[in-house]
Amino acid sequence: MTVLAAKHFLHRSHITEFRVLELLVAIKMWTTPDPDLSRHDSEKWFKDPRKQGSKLPFPSLSDPPSLDLSVIVPAYNEEERLPAMMDEAMGYLEERQKNNPSFSFEVIVVDDGSKDTTTETALKYSERFGVDKVRVLTFEQNRGKGGAVRLGMMSGRGRQLLFADADGASRFADLDKLQAELAHINTEENLAVVCGSRAHLEKDSIAQRSLFRTLLMKGFHFLVWSLCVRGIKDTQCGFKLLTRPTAQLLFSNLHVNRWAFDVDLLYLAQHFHIPIGEVAIVWHEIEGTKMVPVWSWLQMGRDLVLISLRYKLGFWNIHHKTL
């Protein structure tokens with residue numbers, strides 16, 4: 001390398017280093033250190049459709065549990081798909097309570113700022129089963145799936161808390177498998193997470209996808225493995241069960257509000273050395289997905305890079321006590 005070429009290389013390197021520094025400064029400026037746990041006043045209450053005009057306050061996740069199970073259902077424009085999911089879930093839960101009267105549960109449908117009649121659809125189940133079993137949390141504006149799951153969790157009364165997608169893609173009865181695994185891995189501190197998994201179905205799903213979408217999926221999995229979470233085959237399945245202390249710790253630290261929130265959740269679980277189980281579940285492709293092909297994957301890939309950078313550089317705070 002000539003002296004002139006060396007000088008040119010060093011000059012270019014300094015420019016690159018400067019641009020990286022500029023980018024990190026920009027990321028730092030765009031980053032809020034703590035998650036936003038605030039609510040609009042209207043999001044602190046739920047309606048009882050059996051009592052005209054009644055408003056009742058949601059409890060807090062920091063309160064002692066008063067039920068066995070809380071089911072959180074994030075829903076955005078789900079007026080068409082929600083009834084099938086709710087019919088299956090309530091059928092399973094009611095039958096379980098019939099066989100074991102001591103079993104208690106609630107379902108919290110979180111309407112994430114829908115533009116359709118999702119809230120009205122969910123309130124029909126509150127009217128049918130009563131607000132002790134079905135409650136509806138309606139957002140003033142869309143926050144994203146992660147934000148919906150977080151505030152739903154923060155409003156739950158259960159000793160165990162499950163979040164399940166509103167599309168009904170998972171079979172609700174597979175909750176039995178998740179609870180068996182939770183009992184197996186749970187620690188003395190009552191800390192554990194169990195993920196429903198579709199990894200066993202991957203070969204069939206690849207056969208139905210285009211090569212481009214398969215490459216996007218593989219690229220996403222590689223980013224998850226290399227940047228954030230290792231040892232979990234399916235981070236994105238919307239069927240996860242947590243103990244109450246685990247939900248308190250993880251959701252009070254969760255920063256990501258949209259699609260990549262599952263990765264944020266599991267990154268935090270591994271940071272705290274919380275045992276994570278993974279159980280194969282029945283899962284079916286349901287029409288009407290809210291994910292936009294390609295664009296949603298690219299957004300999630302960007303979020304994975306930001307999750308890794310913000311935690312590793314200390315831009316995001318992690319509190320070892322719940323907020």
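This is a predicted model: local features need pLDDT of at least 70, side-chain atom pairs count only at pLDDT 80 or more; totals for chains, interfaces and linings use all residues.
Seven strands form an open sheet in the order β5-β4-β3-β6-β8-β7-β9, with mixed pairing. Strands here (E, at least two residues) and helices (H or I, at least four) are DSSP runs numbered from the N terminus, and two strands pair if DSSP finds at least two bridges between them. β5 (134-138) and β9 sit at the edges with a single partner strand each, so one side of each is left without a neighbour in the sheet. On average, neighbouring strands are turned by 20 degrees against each other, direction ignored. The axes behind such angles are lines fitted to C-alpha atoms, for helices over the stretch in contact, and angles run from 0 to 180 degrees between N-to-C directions.

Now look at β6. It runs parallel to β3, joined by five bridges, and isoleucine 72 has phenylalanine 163 as its bridge partner in β6. With β8, β6 pairs in the antiparallel sense, again over five bridges; there leucine 161 stands opposite leucine 242. Five of the seven residues of β6 are buried, where buried means under 20% relative accessible area, exposed over 50%, and partly exposed in between (1.4 Å probe, protein chains only).

Next come the helices. The buried residues of α5 (residues 175-185) are Leu175, Leu178, Gln179, Leu182 and Ile185. They lie on the same side of α5 because they cover an arc of only 135 degrees around the axis, the arc being that of the directions from the helix axis to the C-beta atoms. Ala180, Ala183 and His184, on the other side of α5, are exposed. The buried residues pack against several elements, including β3 (67-75), α2 (82-99) and β6 (158-164); contact means heavy atoms within 4.5 Å.

What about the interior? The largest nonpolar core has 46 residues, and Met153, Phe163, Leu250, Phe251 and Ile307 have the most contacts inside it. Such a core is a set of buried Ala, Val, Leu, Ile, Met, Phe, Trp, Tyr and Cys residues joined through side-chain atoms within 4.5 Å. Helix α9 gives the largest share of this core, seven residues. Another core, of 36 residues, lies apart from it, with Val109, Leu175, Ile185 and Cys237 among them. Phenylalanine 251 touches residues including Leu37, Val149, Met153, Phe163 and Leu242, not counting residues up to four places away in sequence.

Finally, visit the loop between β2 (55-57) and β3, which holds serine 62. Serine 62 counts as exposed because its relative accessibility is 56%. Its side chain is joined to that of serine 60 by a polar contact of 2.8 Å, meaning a pair of N or O atoms within 3.5 Å; within protein, one must be able to donate a hydrogen and the other to accept it, and residues adjacent in sequence count only if both atoms are side-chain atoms.

How values were computed:
Residues are numbered from 1 along each chain as its sequence is written. Side-chain values use heavy atoms; hydrogens and water are left out.
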